[in-house]
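Here's a quick briefing to read alongside the model.

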Amino acid sequence: MMMDMNPDDALADRDTPTSDWRPAGERPLSDREVPLRHDGAMAALNAWLDGEAPAPRTANSQLTPEAELWSRISVEAASRRKLRTPSHVAAQIMNALPSSTAARLVAAPAFHASVTTVARAQPAPTAPGRISMPPTAIAIMAVVCMALGAVFARMM
Amino acid sequence: MTTRTSWASSPAAAVADLPAAPKTLPSDVAEQADLDARSIARVMAGDREAFAVLVTKYSDALYRHALNMTGSPDVAEDIMQASFIKAFSHLGEVRGRFDAWIFRIVANGCKDWLKNIRRSHVSYEEDDQPSHLTTPDEELTRSELRIDLDWALGQLSHSLREAFVMKHVEGRSYEEMADMLDSTVGALKMRVHRAREALQALLEGKYA
């Protein structure tokens with residue numbers, strides 16, 4: 001499966017204008033760029049569902065048919081909210097992880113400012129069997145080697 | 001229809017379940033980010049099992065998102081697995097909060113899957129029904145509205161479906177959605193409103 005790792009592309013198509021030339025009313029629901037209705041009933045429903053207004057009711061204090069539909073949809077949504085990952089999935093993921101994590105050899109991770117203190121407190125990531133060395137230490141070692149080389153050259 | 005009767009008998013209870021968007025305090029978010037950063041640092045230092053902490057912590061929410069976006073448990077599992085493997089392999093590239101980062105990877109996986117399905121002209125209704133509908137017993141227990149809602153969600157564009165699922169199924173606040181999707185509250189509200197209107201147009205003939 002192709003996976004898009006670029007978070008900026010996650011919503012790349014959200015504002016893409018449709019190339020469909022048909023009038024909005026004739027296009028499929030998924031292609032319409034404007035709300036279908038701007039009537040008071042829909043506005044009242046949206047306000048209720050957003051927690052900004054009481055439920056729209058009829059003169060008999062009953063929920064309107066539309067509000068009743070959304071009550072039922074909300075019950076269904078609430079039941080889906082309780083859904084849990086099948087138990088085998090976590091183990092499956094862990095077993096499928098690559099054994100060599102090249103990511104750990106990538107340059108120092110750039111965590112968010114709020115978490116840098118935690119990252120700093122941890123030991124620097126080092127691959128097993130490899131020696132990591134800061135650039136300044138490498139430069140000092142190079143200078144020392146060159147100096148030793150010059151001394152040996154004079155002695156000979 | 002039995003389900004309608006049961007809900008209609010207790011509208012107050014149903015209404016009580018309406019938008020219950022969990023309020024997440026910024027301090028909680030920061031605390032969770034710090035915990036995640038500790039786990040990431042342990043993984044980066046070679047502790048593979050520390051990654052299991054992150055998998056366990058976020059798998060439920062991510063699975064729910066993938067399942068409601070694709071409508072298929074098998075596809076949701078595949079997307080989850082591919083996403084966590086990608087995350088593990090690119091852990092050094094985490095910028096900001098891990099939960100938002102892994103959510104984006106899963107969301108992109110769902111988007112790619114939906115694009116490929118539509119491009120190949122495979123019928124969602126015919127070929128991508130959740131696999132657990134194959135057994136008659138389970139099919140019987142699933143409510144008619146649930147099936148119709150799955151169908152109606154399948155008619156929405158990716159962006160409307162994503163907004164609706166995050167708001168209504170995952171119970172996120174608009175602020176949290178804006179944070180996760182790097183968008184604005186106003187834009188997301190509009191998307192949710194459009195999704196509701198589209199869903200209502202699709203379902204009201206039968207239910208309202």
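Read from the N terminus, chain B goes α-α-α-α-α-α-α-α-α-α-α-α, which comes to 12 helices and 0 strands. Helices (H or I, at least four residues) and strands (E, at least two) are DSSP runs here, numbered from the N terminus. Bear in mind that this is a predicted model, where local features need pLDDT of at least 70, side-chain atom pairs count only at pLDDT 80 or more, and totals for chains, interfaces and linings use all residues. As for labels, residues are numbered from 1 along each chain as its sequence is written, while chains are lettered from A and ligands numbered from 1 in the order in which they are written.

**Chain B overall**

- Of the 208 residues in chain B, 43% are buried; a residue is buried if 20 or more other C-beta atoms lie within 10 Å of its own, exposed if 12 or fewer, and partly exposed in between, with C-beta atoms placed from the backbone.
- Take the contacts in chain B between residues at least 6 apart in sequence, and 67% of them join residues at least 24 apart; two residues are in contact if their C-beta atoms, placed from the backbone, lie within 7 Å.

**Helix H10 of chain B**

- H10(B), residues 158-169, is mostly covered, with 12 of its 12 residues buried.
- Just after H10(B) comes Gly171(B), with a positive phi of about 70°.

**Helix H6 of chain B**

- Cys110(B) sits in H6(B), residues 98-119, and counts as buried because it has 25 C-beta neighbours inside 10 Å.
- Leaving out residues up to four places away in sequence, Cys110(B) touches Ala66(B), Met69(B), Thr70(B) and Ile79(B).
- Met69(B) is 41 residues from Cys110(B) along the chain, yet their C-alpha atoms are separated by 6.4 Å.
- Lys115(B) is also in H6 of chain B, but it is partly exposed, with 14 C-beta neighbours inside 10 Å.

**Where the two chains meet: H3(A) and H5(B)**

- The axes of H3(A) (residues 87-96) and H5(B) (residues 73-89) come within 9 Å and cross at roughly 40°.
- That makes H3(A) oblique to H5(B); angles under 35 degrees count as roughly parallel, over 145 as roughly antiparallel, 65 to 115 as roughly perpendicular and the rest as oblique.
- From H3(A), Val89(A), Gln92(A), Ile93(A) and Ala96(A) meet Glu77(B), Met80(B), Gln81(B), Phe84(B) and Ile85(B) of H5(B).
- By class, this contact has 6 nonpolar, 2 polar and 1 charged residues; Ala, Val, Leu, Ile, Met, Phe, Trp, Tyr, Cys and Pro count as nonpolar, Asp, Glu, Lys and Arg as charged, and the others, Gly among them, as polar.

- Most residues other than glycine have a negative phi, so the next two are worth a look.
- Ser61(A) has a phi near 65° and lies in the loop between H1 (40-49) and H2 (65-81) of chain A.
- Ser61(A) is exposed, with 6 other C-beta atoms within 10 Å.
- Asp182(B) has a phi near 55°, in the loop between H11 (174-181) and H12 (185-207) of chain B.
- Asp182(B) counts as partly exposed, with 13 C-beta neighbours inside 10 Å.

Note on methods: Axes fitted to C-alpha atoms, helices over the stretch in contact; angles between N-to-C directions.
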